[in-house]
Amino acid sequence: MSDVSSTEFEQFCQYDWFDSTYFILEIDITTKDVENAHKIFEFYIDSVENYGLDYKQNIYDMYTDSGFLYGTYRTIKYLVEHGSTVFQYVLTYEGEYSFSALYGIPANGVCHADDLLYIWNPSFSGKTQLKMIFWICSW
């Protein structure tokens, strides 16, 4: 796994994700919203002051949980409650290619949607990569 430099991570951290989301959705931020945000920061990184390189994995986990996993959990729960069989997986294979490049950041583990590289028209030649394509597509 390649590592993100402190400069690249600081640029990531400087983006005001919370404010921009509320701006896009045209929602006013309430005192309760700020209190809840602080609770989330305390859970993942102990305090807002720790938002930096020393806690980068915790910060990645925070955004992954809120941006991807919670919605996935709710969707799976709904489908199962209505009789569907659901197979969930977490891709941990770090291949030669990653969607991180599209986001303009160096690869730092498996990126959201990297599994699609193995499902839709992959053009890999490595033996391990081909095994991964077979494994994902065989489900």
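Colleague: In what order do the elements of the protein chain run from the N terminus on?

Modeller: They run α-α-α-α-α-α. Do keep in mind that this is a predicted model.

Colleague: How many helices and strands does that make for the protein chain?

Modeller: There are 6 helices and 0 strands.

Colleague: Let's turn to Asp115. Where is Asp115 found?

Modeller: Asp115 sits in the loop between α4 (56–81) and α5 (116–119).

Colleague: And why is Asp115 called buried?

Modeller: Asp115 has a relative accessible area of 15%.

Colleague: What makes the link between the side chains of Asp115 and Tyr89 a polar contact?

Modeller: The two side chains are joined at 2.2 Å. The cut-off asks for a pair of N or O atoms within 3.5 Å, one able to donate a hydrogen and the other to accept it, so the 2.2 Å pair of Asp115 and Tyr89 qualifies.

Colleague: Now Thr64, please. Why is Thr64 called partly exposed?

Modeller: Thr64, which lies in helix α4, has a relative accessible area of 32%.

Colleague: How far apart are the C-alpha atoms of Thr64 and His112?

Modeller: They are separated by 8.7 Å, while the two residues are 48 residues apart along the chain.

Colleague: What share of the protein chain is buried?

Modeller: Of its 139 residues, 23% are buried. The chain exposes about 10,600 Å², with carbon and sulfur atoms supplying 58% of that area.

Methods
Residues numbered from 1 in each chain as written. Predicted model: local features only at pLDDT ≥ 70, side-chain atom pairs only at ≥ 80, totals over all residues. Heavy atoms only, no water. Helix = DSSP H or I, 4+ residues; strand = E, 2+ residues; numbered from the N terminus. Buried < 20%, exposed > 50% of the residue type's maximum accessible area, 1.4 Å probe, protein only. Areas by Shrake-Rupley, 256 points an atom, 1.4 Å probe, with all protein chains shown as cover.
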